[in-house]
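Dear colleague,

I am passing on the structure below and would be glad if you looked it over before reading my notes.

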Amino acid sequence: MLVKSFFQNNISLSLRRNLVPTRKANMGGGESTPAPTPTPPPKKEFDKEWRETHWSKVERDRMVDDLRSFKLSDPDVGQLRCLLYGPVGAGKSSFINSVNNVFQNRTTSGALVAAASGLSFTMTYDTHYIQGRSGEKRLPFAFNDVMGLETQKNGLHPDDIINALKGHLPEGYEFNPFHPLSDQKKEFIQNPSLSDKTHCLVSIVSADKISRMSEDVIAKMKNIRAEASRLKIPQVVVMTMPDKACELVNKDVKRIFYSKAIKEKMQICSNELGLPMNCILPVKNYHEEGKMDNNMDILILNAMTQIMNFANDYLWNLQQHANQK
């Protein structure tokens with residue numbers, strides 16, 4: 001019985017020891033520190049808008065009215081001419097249609113758009129005007145959409161964009177990737193008027209592809225920008241498809257200027273193309289929407305207001321130099 005009791009007591013003591021939690025000692029003999037709390041993932045948005053924007057319907061309508069009644073520095077010009085260029089599929093034609101949607105307050109399709117293609121859909125040099133209200137003249141600005149830029153010798157020849165900047169391309173001119181329009185051709189406009197020339201150069205790039213643009217296309221864009229700078233033509237970048245580059249924007253367009261991802265894309269765009277951040281204008285083009293969207297309109301109108309002001313400043317400067325002669 002004594003032997004049995006001895007073994008039972010030992011087993012019971014062993015079980016109690018196993019049930020009591022033990023504390024490991026650290027090197028100094030004290031208790032160990034608890035495991036560190038995992039670092040939370042970085043926030044995807046800023047606490048406040050880094051580019052202040054007014055999103056009300058009242059603001060949208062005010063900008064529409066201001067652009068409808070925009071006064072040109074030189075009324076004889078008729079329309080401020082905005083030349084859109086950029087990589088294939090960046091949304092050049094879609095931007096024209098989106099601007100037109102805003103002013104017609106409905107879906108339009110003045111500039112033909114390819115649903116999905118790796119090749120340029122625009123093949124001719126055409127001017128796209130914006131219709132005014134019933135009984136009104138067309139609005140005081142117009143767009144020229146050109147063939148998309150591609151790598152190496154594909155796509156639009158950069159010399160034809162420079163021809164367009166200077167007003168040498170005739171309406172309906174058909175682009176040839178290998179042979180830009182020569183000044184020896186009869187259709188070449190030898191003595192373009194100020195109305196024929198570009199008043200603002202608008203680079204169109206896609207937010208979700210800007211970091212993957214080929215060096216060849218970027219080099220072409222920089223060369224075109226350099227020529228526009230030499231001609232003192234103002235320039236902006238319209239950055240499309242922000243919803244594809246940021247989930248926050250995909251859910252709510254109004255979060256665009258809270259988004260860290262969008263600001264990063266804009267900074268990449270600024271670094272690659274050499275324009276300051278305040279000349280990078282993000283917009284979401286109309287694409288699959290079945291009805292108009294006030295927040296999308298606000299972004300489009302903000303971009304158009306800046307483009308118009310830059311183009312009009314250019315006209316004013318030309319006038320001042322002309323008056324000095």
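Predicted model: local features only at pLDDT ≥ 70, side-chain atom pairs only at ≥ 80, totals over all residues.

Residues are numbered from 1 along each chain as its sequence is written, and side-chain values use heavy atoms, with hydrogens and water left out.

The chain has nine helices and seven strands, taken as DSSP runs numbered from the N terminus (helices H or I, at least four residues; strands E, at least two). Of its 325 residues, 46% are buried, meaning under 20% relative accessible area with a 1.4 Å probe, protein chains only.

The largest nonpolar core, with 81 residues, has Phe95, Phe103, Phe141, Phe143 and Ile307 among those with the most contacts inside it; such a core is a set of buried Ala, Val, Leu, Ile, Met, Phe, Trp, Tyr and Cys residues joined through side-chain atoms within 4.5 Å. Helix α9 (residues 294-324) contributes the most to this core, namely 12 residues. Leaving aside residues up to four places away in sequence, Ile307 touches Cys82, Phe95, Cys200, Val202, Val236, Val238 and Leu281, where contact means heavy atoms within 4.5 Å.

Helix α9 also gives the most to the lining of the second largest pocket, with six residues. That lining has 19 residues, with Met63, Ile298, Asn302, Ala303 and Thr305 nearest the pocket centre. A pocket here is an open set of points on a 1 Å grid over the protein atoms alone, where a 1.4 Å probe fits, with protein on both sides within 12 Å along at least five of seven lines, and lining residues have an atom within 4 Å of a point.

Best regards

Key: Buried < 20%, exposed > 50% of the residue type's maximum accessible area, 1.4 Å probe, protein only.
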